[in-house]
Structure formats: C-alpha cells, structure tokens
Amino acid sequence: MTATSEVRFGADGAAKVQSYVRLTGSTYIHCCTYEDAAPILTIQDGPADITITNPGRGEVTEEDVRFGRLLAEAAARYAAELEKHAATNPATAAGADDPAGRAA
C-alpha cells in the first residue's frame, strides 16, 4: 500500500488527520479544467483519492489564485529537491529523466 492515514487526538480532544501518499508508478495525477468552473486537481493511488479545488461553486477569487500559486511553488520545490537527491544517488541518477507515474 502506498497511502496511509492516521488520526491523533490532542489533550484537548481535538482530532488531527495526517495522510501520506507515496508517489509510485501506479499513482495517477491529473488536472481537470472546465470553461465555467474552477479546475480540479486529483491524485489517486490505491485507496487514496485526493481532490483539490476551490471552495466556490465555479467562481474563482484572487485568494484561490494565491493558494494555487502556493501549491505550484511547493510542488516545484518538491520536484527540485527530488532531482537534487536523485543526482547524488548513482542508482537513481540514470533514471531521473524518466518520470514515474502519469501526470497531466
């Protein structure tokens, strides 16, 4: 399994859900776009199905755009760090240009 979740309860009884998705060759990442609604980003792997979109019903605000940019910047940093680590690992450096999974 490449996805796990856990629920933790604080001393005050507040619940916190923490999920992990380990991207593999069976991970499906896709962005659906529409003429009259906000885009939807999906990440699916085994039992995990993550959907990211804005809270509005079609309308997109400047704050939605800001969060989208923050998401894109974090994903770009994540990819850059993966590339850096793969380049220092001789076993994976040869396959760094061959992305695992499907992305659109």
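Visitor: Which residues lie nearest the centre of the second largest pocket?
Guide: Pro39, Thr53, Asn54, Asp64 and Gly68 lie nearest the centre, among 14 lining residues. A pocket here is an open set of points on a 1 Å grid over the protein atoms alone, where a 1.4 Å probe fits, with protein on both sides within 12 Å along at least five of seven lines; lining residues have an atom within 4 Å of a point. This is a predicted model, in which local features need pLDDT of at least 70 and side-chain atom pairs count only at pLDDT 80 or more, while totals for chains, interfaces and linings use all residues. Residues are numbered from 1 along each chain as its sequence is written, and side-chain values use heavy atoms, with hydrogens and water left out.

Visitor: And which element supplies the largest share of that lining?
Guide: Helix 1 (residues 62-87) does, with five residues.

Visitor: Changing topic, what percentage of the residues is buried?
Guide: Of the 104 residues in the protein chain, 10% are buried, meaning under 20% relative accessible area with a 1.4 Å probe, protein chains only.

Visitor: What percentage of the contacts is between residues 24 or more positions apart?
Guide: Such pairs account for 22% of the contacts with a separation of 6 or more, a contact being heavy atoms within 4.5 Å.

Technical notes
Buried < 20%, exposed > 50% of the residue type's maximum accessible area, 1.4 Å probe, protein only. Helix = DSSP H or I, 4+ residues; strand = E, 2+ residues; numbered from the N terminus.
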